[in-house]
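Here's a quick briefing to read next to the sequence and the 3D view.

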Amino acid sequence: MSTKARFAIVCVAATALGAGIAVAAASHVVRIDSNVRITKTAPVFAGKVTSPNAACKDQRKVKLHVVEQNNHVVGSDETNKRGKWKVHFQGEGEAHYYASVAKRSEGAAGTIYVCQHDTSPPVAAP
């Protein structure tokens, strides 16, 4: 094979590789809102993660924080397919608690779906 032919093959391969990298870098990101709610019914804190996309409700990790202890995490749960979660925690005196749900990304080259993070307003628990 001549040097010109080898050079042409290398150029074609490099162009194809470069085009593939450009396509991967140009993937589309879809951000989907999430909302976490919390209620207190002793000795259980419970709530629900809602979202316009069902995939953002299922298997989301929810953490229970106590405000008066520098937002320390005192429990966690994973949501069911309807977005419901609960944490059994007795509470410590008159404190305020809130729930947070972490951001989650799914997808590969092409479209990446990002379920957004959210934090509930605090609730008082005697």
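Helices (H or I, at least four residues) and strands (E, at least two) are DSSP runs here, numbered from the N terminus. By that count, the chain has one helix and eleven strands. Keep in mind that this is a predicted model, where local features need pLDDT of at least 70, side-chain atom pairs count only at pLDDT 80 or more, and totals for chains, interfaces and linings use all residues. Residue numbers start from 1 along each chain as its sequence is written, and side-chain values use heavy atoms, with hydrogens and water left out.

**The chain as a whole**

- Reading from the N terminus, the elements go α-β-β-β-β-β-β-β-β-β-β-β.
- Out of 126 residues in the chain, 27% count as buried; buried means under 20% relative accessible area, exposed means over 50%, and partly exposed is in between (1.4 Å probe, protein chains only).
- Take the contacts (heavy atoms within 4.5 Å) between residues at least 6 apart in sequence: 56% of them join residues at least 24 apart.
- The chain's accessible surface is about 8,000 Å², and 58% of that belongs to carbon and sulfur atoms. Accessible areas come from the Shrake-Rupley method with a 1.4 Å probe, and for residues only the protein chains shown count as cover.

**The E1-E9-E8 sheet**

- Two strands pair if DSSP finds at least two bridges between them. On that basis, three strands make an open sheet in the order E1-E9-E8, with mixed pairing.
- Strand E1 (28-32) and E8 sit at the edges with a single partner strand each, so one side of each has no neighbour in the sheet.
- Neighbouring strands in this sheet are turned by 20° against each other on average, direction ignored. For such angles, axes are lines fitted to C-alpha atoms (for helices over the stretch in contact), and angles run from 0 to 180 degrees between N-to-C directions.
- E8 and E9 run antiparallel and are joined by four bridges. Across from Gly107 you'll find Ile112 in E9.

**Gly110, between E8 and E9**

- Gly110 is in the loop that links strand E8 (104-107) to strand E9 (111-115).
- Its relative accessible area is 34%, so Gly110 is partly exposed.
- What does Gly110 contact, leaving aside its neighbours within four places in sequence? The partners are Ser27 and His28.
- Gly110 and Ser27 are 83 residues apart in sequence, yet their C-alpha atoms are 4.5 Å apart in space.

**The E2-E3-E6 sheet**

- Another open sheet of three strands has the order E2-E3-E6, with antiparallel pairing.
- The edges here are strand E2 (35-41) and strand E6 (84-88); each has a single partner strand, so one side of each is left without a neighbour in the sheet.
- From one strand to the next, the twist averages 20°.
- Five bridges pair E3 with E6 in the antiparallel sense, and Val44 has His88 in E6 as its bridge partner.

- E4 and E5 pair in the antiparallel sense over six bridges, with Lys61 opposite Glu78 in E5.
- Five residues lie between the strands of this hairpin, and Asn70 takes a positive phi near 55° there.
- Asn71, in the loop between E4 and strand E5 (72-78), has a positive phi of about 60° although it is not a glycine.
- Is Asn71 buried, exposed or partly exposed? Asn71 is partly exposed, because its relative accessible area is 37%.
- Gln59 is another non-glycine with a positive phi, about 55°. Gln59 is found in the loop between strand E3 (44-50) and strand E4 (61-66).

**The disulfide**

- How many disulfides does a search of the whole structure find? The search finds one, a disulfide being a pair of cysteine sulfur atoms within 2.5 Å.
- The partners are Cys56 and Cys115, with their sulfur atoms 2.1 Å apart.
- Cys56 lies in the loop between E3 and E4 and Cys115 in strand E9, so the pair ties together parts that are 59 residues apart in sequence.
- The link of Cys56 and Cys115 is left-handed, with -80° about the S-S bond.
- Cys56 and Cys115 are both buried.
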